[in-house]
Amino acid sequence: MKDKKFKLIRSRLLLPLDEKIGLETRIEDGYVLTEGSLVKEAGAFKSEIGERILQECGNELEVIGAEGLPSAGKDIPCLDGVVLPGFVKAHGHDHESPIIGIAKDEPLTDWLDHAVNVFSGFLNENAKELEERFGVSANTLTYSKAKLDDIYYGITSALTHHCNFNKYHLTELVEANGRAGTKIIIAIGGQDRNYDPRILDTVSAAVGRLDDCAAEFGDRERTWIIPGPDQVFSNSAEMIQALKEWANRNGTLFHMHSSEEPNTTAWFYSEYLCSPVEYLHRVNALDGNTILAHQVNNTPIDLAILKETGTNLVHNPLANTILGSGMPPLIEMMELGIPVAISTDGSGSADSQNMLAAARLASQYQKAFHPGRPAAPGQQVLEMVTVVPAKMLKLNTGSLAEGKDADLILVDLGRPNLTPTRVDNVVENLIWASDGSEVRWVIANGEVLKDDYRFLTLDEAKIKRDVQKLSELLIEYRSSREEIKATGVRKE
Ligand SMILES: [Zn+2]
């Protein structure tokens with residue numbers, strides 16, 4: 001079927017998350033009309049509105065959830081769901097989906113060596129055989145699975161921190177995202193110290209890679225390239241400075257991991273005699289265009305620097321708790337006015353891309369940690385996976401209003417766990433009662449990516465089958481290999 005210019009979705013509840021009408025506005029019987037890749041209208045539905053849209057859009061209209069065009073405005077089906085903006089993932093890694101469940105119950109650095117770095121090495125050493133077996137490179141397969149996971153959970157925009165060996169595989173990621181129909185900001189990872197020696201860069205090689213990638217992919221639709229040195233401990237001052245200068249010259253964001261694990265942060269302090277945040281501040285890497293992932297361990301000086309410089313933070317509660325890294329002082333950070341988004345991190349550390357689960361855990365932890373205070377309520381954490389990260393990533397998304405990108409999802413309210421849902425408890429149910437799997441429709445840039453639970457842009461069955469096999473081959477490889485000890489504090 002030819003893609004129609006206009007798409008109309010009507011649902012029992014609508015959450016526009018639009019600052020102009022109030023972020024907390026909840027609409028009963030709402031609709032969104034898209035034109036091309038943008039939202040044309042969003043608001044409360046009336047049959048006169050339906051009549052007008054049918055008349056104005058004619059055969060160029062697709063009504064979501066309807067067989068063909070309804071004959072009158074009042075016949076436009078009202079889906080039993082809540083429509084809201086697609087989730088915006090401000091920190092993740094698209095190479096980790098095949099390693100879910102590996103080296104669990106291990107702290108971060110051990111997990112990096114025992115799961116992530118083994119997997120990267122496996123793909124690299126067996127690239128040719130794997131490509132012959134699957135008909136596409138194993139990296140392409142891995143990135144396609146990541147996009148499947150994103151769409152499954154309603155993520156329409158993502159910042160992908162493309163670390164380790166993945167920095168050599170930009171083309172595959174750009175193409176996987178292109179096919180999936182999502183938006184991607186690719187932070188190209190890199191390091192020049194305290195890491196697997198096979199992937200250490202020089203400053204000129206790292207800057208050259210960014211120049212090449214920006215030249216090759218910079219004008220692709222829905223794709224942005226930015227510097228993303230992996231960790232503060234794995235990048236020298238010269239490297240961080242050069243990459244931040246590249247970001248400033250090219251008007252891009254700058255992204256890196258910081259202060260994730262207590263041991264590594266303490267080791268960093270003893271090695272470099274300052275905290276990672278102080279280190280970054282000294283080399284002028286902190287400002288409103290810098291986004292740090294994690295920032296779990298903070299001194300009062302760190303918080304003052306983050307506030308003063310306007311640095312953005314991404315909190316990843318699933319990864320931080322699963323890897324036993326601890327949790328950042330979220331409430332204190334927000335009270336200081338430091339912008340904080342909530343995200344999942346990669347599938348390997350979070351074990352899913354469930355943004356609602358991340359939002360729930362962030363809230364739940366703060367409530368337990370600050371007894372007696374109404375810490376991180378549902379509305380606030382919902383904003384932290386939509387409108388807040390959209391602003392942080394400078395994307396025209398995260399809200400449903402005229403002129404915004406047509407990125408929206410419908411969460412099915414017909415599920416037992418979401419019954420009863422009404423206008424007064426819909427946000428609370430999304431955070432506290434949803435299991436994340438109720439995303440029934442996903443529209444991104446005006447294109448339907450998931451239609452009544454069916455993936456339209458990706459071959460779900462093939463991707464799942466191939467990734468299952470890939471993971472079995474990885475386990476065989478892993479059992480016959482010597483332990484890696486190459487990362488940061490474990491370096492020998
Ligand atoms: Zn990460």
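This is a predicted model: local features need pLDDT of at least 70, side-chain atom pairs count only at pLDDT 80 or more; totals for chains, interfaces and linings use all residues.
**View A. Strands S11 and S12 run parallel.** Joining S11 (residues 290-294) to S12 (residues 312-315) are 3 bridges. Strands (E, at least two residues) and helices (H or I, at least four) are DSSP runs, numbered from the N terminus.

**View B. An open sheet of 4 strands, with parallel pairing, goes S10-S11-S12-S13.** At the edges sit S10 (254-258) and S13 (340-342), each pairing on one side only; strands pair if DSSP finds at least two bridges between them.

**View C. Tryptophan 111 sits in helix H2 (residues 108-125).** This tryptophan counts as buried because it has 24 C-beta neighbours inside 10 Å (buried takes 20 or more other C-beta atoms within 10 Å of a residue's own, exposed is 12 or fewer, partly exposed is in between, and C-beta atoms are placed from the backbone). Not counting residues up to four places away in sequence, tryptophan 111 touches Ala103, Glu106, Leu323 and Ser349; contact puts C-beta atoms, placed from the backbone, within 7 Å. Leucine 323 is 212 residues away along the chain, yet the two C-alpha atoms are separated by 7.9 Å.

Conventions. Residues are numbered from 1 along each chain as its sequence is written. Two residues are in contact if their C-beta atoms, placed from the backbone, lie within 7 Å.
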